[in-house]
Amino acid sequence: MRFSEEFETRFADMLTHYPTKRSALVPTLLYAQDEIGSLSDEVIQELAQRLELTELEVRNVISYYSMLTTKPRGKYNVQVCTNIACMLRGGEELLDHCKKKLGIGHQGTTQDGLFSLEEVECIGACSWAPAAQVNYDFHENLTNTKMDQILDNYKKKGTQ
Amino acid sequence: MASLVSHPDEVRVISKRFGQGATDIDRYLQLDGYKAVQKALGMGADALINEVKNSGLRGRGGAGFSTGMKWSFVPKQSAKPKYVLCNGDESEPGTCKDRLIFEHDPHSVIEGAMIAALAVGSHTGYIYIRGEYRYLLVIMQKAIKDAYAKGFLGKNIFGSGYDLDIYWHGGAGAYEVGEESALMESLEGKRGIPRIRPPFPAVVGLWGGPTVINNAETLAAVPHIILGGADWYAKLGTPKNGGTRLFCLAGHLNKPGVYELPMGYNLKKMIYEVGGGIPNGRSLKAVVPGGSSTPVLLPEEIDVAMDFDSVAKAGSMLGSGGVVVLDDTTCIVKFALRTIKFYQHESCGWCIPCREGTDWLKKTLTRFHAGAGLKKDIDNIYYLAENMLGKTFCPLGDAAAMPTMAFVKKFRKEFEDHLDGKPCPFEKAGVVEPVMA
């Protein structure tokens, strides 16, 4: 199992921050997922060993956090917020639009593996609703047209 | 990058450095940065706690507990290390203020955490930022690194002989973790399951050591209080509700945005003047005054001062500062359903009343909104919510119950309009349109 040098430096640094190794687990899982694409059996095994936990303990934590996944997602994970503030300004309609445009449903992935779609809970963009995140990037004050442009740009970027 | 707004009624304390490039440590220093912590080093713990107590600063995460009081609960002597933990797991629907603080003024949070550490005699602090806010975590990581490089953190800070470390920590998607005891569990590398209290975190917290947990906005206010003085800060607000706060105006408004207003600012004015009123010639139906967990207010109830005590008197809560405005095209049943869908999704499942209650509420409200509601459902919805209230380890159960009870109590007629196989009256009429469409 190989992670990037940046990952390893950060990981080694984090272990000096806490009195217990385990404390580094949650952020480390997310960083590992970002590099590998998902928390595969191999990643779980590796991190469990490094943090002196059982694989079950690691899986137990993974299942709690909504951003963590053991199944690969698309290259661009489109997360549309439909919580109250976004709902009032068209978040649900935006989600429906994305479903149609991408031809997938909630937690689906396009066949080319480029996009996956998720209906998410509040992402902290309430004053700029409706909003979505594509991976970690925020997109705000959205309309269907704006969303089309955003998705087209990612598509271009992803197929280059 | 979230866009900034302004209004003449704003009093800029926490947002003073927004848009000023203060993520750069040298710029932060030019803007009076790290002066407060140096002053604090000369003040001593008791004086710091008293100053913050007298300022009337109350927890900006939502509970509104006196910050100075919270600090005073930490025992002076402790066999185990003491900790300071900044709660940046902002996720209460309607709330997007900490995001701006981290984006524009990360050093103010570090400095506030440093002062909190000095006040309680701690040598280690953590700044926990939710996983979705990755770009803010990157900003914070750099800010902390820069503070170490200047010698503001680490051994012998500012030549005082005091050692102080502040570390970053990232979450991975969980509302529940914003609850203080679940936050500690998450930081310890576990599922965010709340802990039973007592003992309170101030006595037994992170790894068993006494721990002070403050919201990011609370900590960002602390350096300003130390520099400007408790009296100055207290006078910005109303009695027992010192200072200003960031209000996140959202929903059906012409000018939504995050505005810094004095505590006690009138809610009606906030909606119609600061927020620019309701768009498209529609009228106000209801306001959720402090994040999704706070009971809804009717138009006739909004002539209220937005401070913790006044909003409580009006039957709701000031909460996290998320003001969500609903116009007359909003279906309350649908709004209640979306609110409960969230709490059902986020319930950790540890306490049965919350796990089962939110699930049944979601099921009942879903069926109800779809037109298959029964008359007895209305009382059942209220009854279910009422039986979650105060019966769970953490406030998530209450957060789901309180708004639900208010929706039923204040909009019973609208629930009745959904009965007898009638579909949602709002959707049938086709008036539920997104503002932005």
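## Chain A at a glance

Among contacts in chain A between residues at least 6 apart in sequence, 59% link residues that are at least 24 apart. Keep in mind as you look around that this is a predicted model. Chain A has 160 residues, and buried residues account for 44% of them. Its C-alpha trace spans about 50 × 35 × 25 Å along the principal axes.

Seven helices and four strands make up the list of elements in chain A. Read from the N terminus, their order is α-α-α-α-β-α-α-β-β-β-α.

## The sheet of chain A

Let's turn to the strands. They form an open sheet of four in chain A, ordered β2-β1-β3-β4, and the pairing is mixed. β2 (115–120) and β4 (137–139) of chain A are the edge strands; each has a single partner strand, so one side of each has no neighbour in the sheet. From one strand to the next, the twist averages 20 degrees.

How many bridges join β1 and β2 of chain A, and in which sense do they pair? Strand β1(A), residues 76–81, pairs with β2(A) in the parallel sense, over six bridges.

Helix α6 of chain A, residues 91–102, lies across β1 and β2 of chain A. Its direction is at about 150 degrees to β1(A).

## Where chain A meets chain B

The contact between the chains involves 40 residues of chain A and 53 residues of chain B. On the chain A side, α2 (25–36), α4 (55–62) and α5 (84–88) each supply at least two residues. Which element gives the most to this side? That is α2(A), with five residues.

The make-up of the chain A side is worth a look as well: 24 of its residues are nonpolar, eleven are polar and five are charged.

## A helix pair in chain B

Over in chain B, helix α14 (residues 352–372) and helix α16 (residues 396–410) have axes that come within 9 Å and cross at roughly 35 degrees. The crossing of α14(B) past α16(B) is left-handed.

Which residues meet here? From α14(B) come B:P353, B:C354, B:G357, B:T358 and B:L361, and they meet B:L396, B:G397, B:A400 and B:T404 of α16(B). The residues of this contact between α14(B) and α16(B) comprise five nonpolar and four polar, with no charged ones.

Terms used:
Residues are numbered from 1 along each chain as its sequence is written. Chains are lettered from A and ligands numbered from 1 in the order in which they are written. This is a predicted model: local features need pLDDT of at least 70, side-chain atom pairs count only at pLDDT 80 or more; totals for chains, interfaces and linings use all residues. Two residues are in contact if their C-beta atoms, placed from the backbone, lie within 7 Å. Ala, Val, Leu, Ile, Met, Phe, Trp, Tyr, Cys and Pro count as nonpolar, Asp, Glu, Lys and Arg as charged, and the others, Gly among them, as polar. A residue is buried if 20 or more other C-beta atoms lie within 10 Å of its own, exposed if 12 or fewer, and partly exposed in between; C-beta atoms are placed from the backbone. Two strands pair if DSSP finds at least two bridges between them. Axes are lines fitted to C-alpha atoms, for helices over the stretch in contact, and angles run from 0 to 180 degrees between N-to-C directions. A crossing is left-handed if the near helix is turned anticlockwise from the far one by less than a right angle, and right-handed if clockwise.
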